[in-house]
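Please open the model in your viewer and keep the selection panel at hand.

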Amino acid sequence: MMNPLALKELLYKIADDQLILGHRNSEWTGMGPLLEEDIAFSSMAQDKIGQSYALYTMLHELGEQEPDTIAFTRNANQFHNCVLTELPNGEYDFSLIRHFLYDTAEILRFDMLTNSSYQPLAQLAVKVRAELRYHTLHANTWIKQLGSATEESVTRLQRSLEYALPYALGIFEESAYESELINSGIFAGEKALQEQWKIQVEKILQHTQLHLPDWQLIQPVIGGRIGKHSEHLQPLLDEMSEVFRIDPTAEW
Amino acid sequence: MNSLDPRVNRLPAVGQPGQAEPKAPLDQFGTYEVFVQPRDGKPFQHEGIVHAPNLEMAFVLAKEGFTRRFNCVSIFVADTRHVYVSPLTDGDKSVISIIQEVSDQPGEKVSYEIFHLLKRGKQHVHSGTVKASGPAEAMYVAKNLLPADKVIYNLWAIRMSDIRFTHPEEQELWMTLPEKKFRDASDYKGGDKLKEFLERAK
């Protein structure tokens, strides 16, 4: 028998990741390094918010509140996103590294979810995976190019990589329901995902001059999945929900 | 003052009165031509250009730049410098009538993609593929590929090996496009919203 709490917790964490990173990435709109890249990055941010909407809708069908209510009225400690997604954008090198590390994990996660025993999720995963195909093409291409371009680009990406990795490992913070999710066939689990992710990250970085520190020496930053966030999340939520809090029926 | 906008910070310095400086080279990437196939079975057509550091990035940036809204099943890109252009004609004169015969050239024949223009100011449409040892020969050989009953104003030829095509496993990139309602400008109902606003403001 499937535990509904286990399923909801899984959906919440994926949806919150997509919403928060979608919002962060959208902060580059109008500020991107070149017009074409500005358009591409903004468009992917919009995809992520659309994906979070699809997952919040699924949660609503499972008895949770309306998608807008879920997205705009919770406080930071009620969000299940990993800390990686809420960190400020910084310079473009950090945003690209985060995009690469995060989307590499997400396409693998949704690939696994296409086999989920929860049919609505399995069906949605096929579509999300197709959209993420572009996100990873975009991320991998930039990382391969800038990861072996100039001394400045390599140095900056390396520094951002080292800064981001402990947070990236936090993507795979295990749920309290991990074994139930695995046993009921809903999701093959964070450990399995993390193993695939490491292999793929190593594979792409092999094409660059970037080097990975020893995985064993990286201390994961966890807590996001249980609502323990950095000081950066609440200001993001305040800004994102400003209009909704003034007028919940506003349309624009 | 430093702007938050990186593009403002890239603007050239104002310079000193009375001094003459050599013109600085442009801080711009080169251009790449983007071709889009709207549906299976339809020909590719020229859609526009992107700036990019190289062919692979051009493909990546063209996908989001040109295929976010309208139907698309595949794209390809080529460096602008690799596009060969015939003379332009006007009125009733077809470019076919002025393309000169190219005698069989020595050297290896390679594939060229040919594009034709049916209306000035419209897009070039893919006509087909020919084998030739150079772009001029490719245009001459292409005569049989072109619609005989129409006036054609211009031809393009691009060597196939200079093109970045969509790989078969990448076709998934456009899978969800038809259902993306929010990407269709008309679905924003901008006109209705403006009308409503003006009504309320009366």
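In this tour, a residue is called buried when its relative accessible area is under 20%, exposed when that area is over 50%, and partly exposed in between, with a 1.4 Å probe and protein chains only. Helices (H or I, at least four residues) and strands (E, at least two) are DSSP runs, numbered from the N terminus. The model is a predicted one, in which local features need pLDDT of at least 70 and side-chain atom pairs count only at pLDDT 80 or more, while totals for chains, interfaces and linings use all residues. Residues are numbered from 1 along each chain as its sequence is written, chains are lettered from A and ligands numbered from 1 in the order in which they are written, and side-chain values use heavy atoms, with hydrogens and water left out.

Select chain A to begin. Chain A has 11 helices and 0 strands, and its C-alpha trace spans about 55 × 45 × 30 Å along the principal axes. The radius of gyration, taken over C-alpha atoms and compared with a globule rule of 2.2 Å times the number of residues to the power 0.38, is 18 Å for chain A, which agrees with the value near 18 Å for a compact globule of 252 residues. Of those 252 residues, 57% are buried.

Now select chain B. Here 4 helices and 8 strands are found, in the order α-β-β-α-β-β-β-β-α-β-β-α from the N terminus on. The C-alpha trace of chain B spans about 70 × 55 × 40 Å along its principal axes, and its radius of gyration is 22 Å, whereas a compact globule of 202 residues would have one near 17 Å. Buried residues account for 37% of the 202 residues in chain B.

Next, select residues 30–37 of chain B, and ask how many residues of strand E1 are buried. In E1 of chain B, 6 of the 8 residues are buried, so this strand is largely enclosed by the rest of the structure.
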